[in-house]
Structure formats: C-alpha cells, structure tokens
Amino acid sequence: MVEPLFCNIKNNSTLYRYISDMFGVCSYFILEQDKLIIIDPGKFDDSVFAWLNKFNNLRKIVYITHEHFDHHYNANKVFDLENTYFFSPSEKFDIALRDIRKNLSFYYNDPIETVADSKIFESFLKVIKTPGHSEESYCFVYDNILFGGDTIIDKKYLVLKLPGSNKKDYYNSINYLKGIVLISTIVLPGHGNFFCYNKWKI
C-alpha cells in the first residue's frame, strides 16, 4: 500500500512511501500539482500501479539511487505509463542499469535490464554522486529531505561487500556529505524507516 508520509505546505506537495516485499526496498513518490516524482521503483504490487494510474494526466519523472536491481525492479513497467520520463545522471549509470551482473540480478536468477526511452535532462532534485555501496550510487535532495538510497542508511542495512562496493569510496562520500547536508535534514533511506540526519550513525 502506498502510504502518505509528509506534506510540504511551501511546495504544495505530498510525499508518499511504498515498502516492497523484495528486501524491504522503500520507494518514494513526491506528488506536486503538475508532476509526480518517483524514486526507486522497486518491486510493486498491483495496488501501486492502480495508485499510479490515478495520475495519468501528470508528468512522471523517475529517479533511481543506484544500479542494484531491487531498486528498479519494476522501472520498465513504470516507464510504460503515460507521460513518464527518466532522469539519468550519466551514460555509465544507464549501462549499469542494463548490465545484469552490475545490477546483481544475474546472481538471483532474475535478470533485470532497465532501459528508458524517454529521458529528461533537467533535474528537479539536487543530485549528489556518492559511490561506495556501489559504483553508481547517488543521493537526491528535495527541500529538507535527502533520499539516501543504500548510502545514507541505518547501520544494520549497510552493505559494503557486494561486487562494486568500495569502503574507501564510501567513507569519502560520507565525508563529502557531512560538509553539504544540513543536520536538520530528514533522511529517507532505501531500506528502513526515516530519521533525522543529525541522529545518523554508522
């Protein structure tokens, strides 16, 4: 079930979350008057697509925090919806989404090759590259909210032993974020519940 989390009066927006039954991936939706931003379209059940179909008249923009398949399991189905576009931070990111070894789906015997035909090149979120958990990890910022993917995440969910993980890169990314993220920022991670950035510990 898609559940509401926050309302933002300043932006006249509502933020929603869906938690997948595949590894507990958190997908997020920012509903504004003229668009719907979708972050990490993981494995959705029918109720999510029924909810999305209510917004056929709105432009939909998909963001993905990193290449691991559980965070874009149903992206291709979402791309098939009317008025849906994908923001990709780089060509290398696109390649990783298609590569079943880089996105790890090969190792689960569930090959996922995510390909978007319709793209946008203007981002509505602040994009921060944060390699470490994977080579192509990104965080996104919307007002006072940071979508942390598997980078800014509760310690019990942190994984740095997968193919493409790099501990040195991870800690470099964390140190960089410490210099630019306000401590009052709310973090919406790729797994687990949200928390305030100043309470985060690794």
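These legends walk you through several close-up views of a predicted model.

In this predicted model, local features need pLDDT of at least 70 and side-chain atom pairs count only at pLDDT 80 or more, while totals for chains, interfaces and linings use all residues. Residues are numbered from 1 along each chain as its sequence is written, and side-chain values use heavy atoms, with hydrogens and water left out.

**View 1. An open sheet of 7 strands.**
The edges belong to β1 (3–8) and β7 (119–120), each of which pairs on one side only. Strands here are DSSP runs of E with at least two residues, helices are runs of H or I with at least four residues, and both are numbered from the N terminus. Two strands pair if DSSP finds at least two bridges between them. Strand β2 (residues 13–19) joins strand β3 (residues 26–31) through 6 bridges in the antiparallel sense. Look for I19, which stands opposite C26 in β3.

**View 2. Strand β4 and its two partners.**
β3 and β4 form a hairpin with 3 residues between them, and they pair in the antiparallel sense over 4 bridges. Within this pairing, F29 has I38 of β4 as its bridge partner. With strand β5 (residues 59–63), β4 pairs in the parallel sense over 5 bridges; here I37 has I61 of β5 as its bridge partner. In a regular strand, side chains alternate between the two faces of the sheet. In β4, K35, I37 and I39 point one way, L36 and I38 point the other way, and all are buried. Because 5 of the 5 residues of strand β4 (residues 35–39) are buried, the strand is largely enclosed by the rest of the structure. Buried means under 20% relative accessible area, exposed means over 50%, and partly exposed is in between (1.4 Å probe, protein chains only).

**View 3. Aromatic rings in pairs.**
A search of the whole structure finds 19 aromatic pairs. The rings of W51 and F55 have centres 4.9 Å apart and planes at 70°, so this pair is edge-to-face. Both W51 and F55 are buried. Another edge-to-face pair is F93 with Y138, at 5.7 Å centre to centre and 90° between the planes. This second pair links distant parts of the chain: F93 is in helix α3 (residues 91–98) and Y138 is in strand β9 (residues 138–142), 45 residues apart. F93 counts as buried because its relative accessibility is 0%, and Y138 counts as buried at 5%. Ring pairs also link Y16, Y18, F29, F44, F49, W51 and F55 into a cluster. As for the cut-offs, rings of Phe, Tyr and Trp (its six-membered ring) pair if their centres lie within 6.5 Å; planes under 30 degrees apart count as stacked, over 60 as edge-to-face and the rest as tilted.

**View 4. Charges over ring faces.**
K35 lies over the face of F124, at 4.6 Å from the ring centre. R101 lies over the face of F106, at 3.9 Å from the ring centre. A charge sits over a ring if NZ of Lys or CZ of Arg is within 6 Å of the ring centre and within 35 degrees of the ring normal.

K129 is in strand β8 (residues 126–129) and is partly exposed, with a relative accessible area of 41%. From K129 to F140 is 8.8 Å in space, C-alpha to C-alpha, and 11 residues in sequence. S173 lies in helix α4 (residues 167–180) and counts as buried at 5% relative accessibility.

**View 5. The largest cavity.**
The structure holds 1 cavity of 30 Å³ or more, and about 30 Å³ of space lies in the largest cavity. Here a cavity is a set of points, on a 1 Å grid over the protein atoms alone, where a 1.4 Å probe fits but cannot get out; lining residues have an atom within 4 Å of a point. Residues lining the largest cavity include C26, Y28, I39, F147 and L188. Two or more lining residues come from each of β3, β10 (145–149) and β11 (186–189), and β10 gives the largest share, 3 residues.

Notes:
On a 1 Å grid over the protein atoms alone, a cavity is a set of points where a 1.4 Å probe fits but cannot get out, and a pocket is an open set with protein on both sides within 12 Å along at least five of seven lines; lining residues have an atom within 4 Å of a point. Grid points are joined across faces, edges and corners, and a volume is the space filled by probe spheres set on the points.
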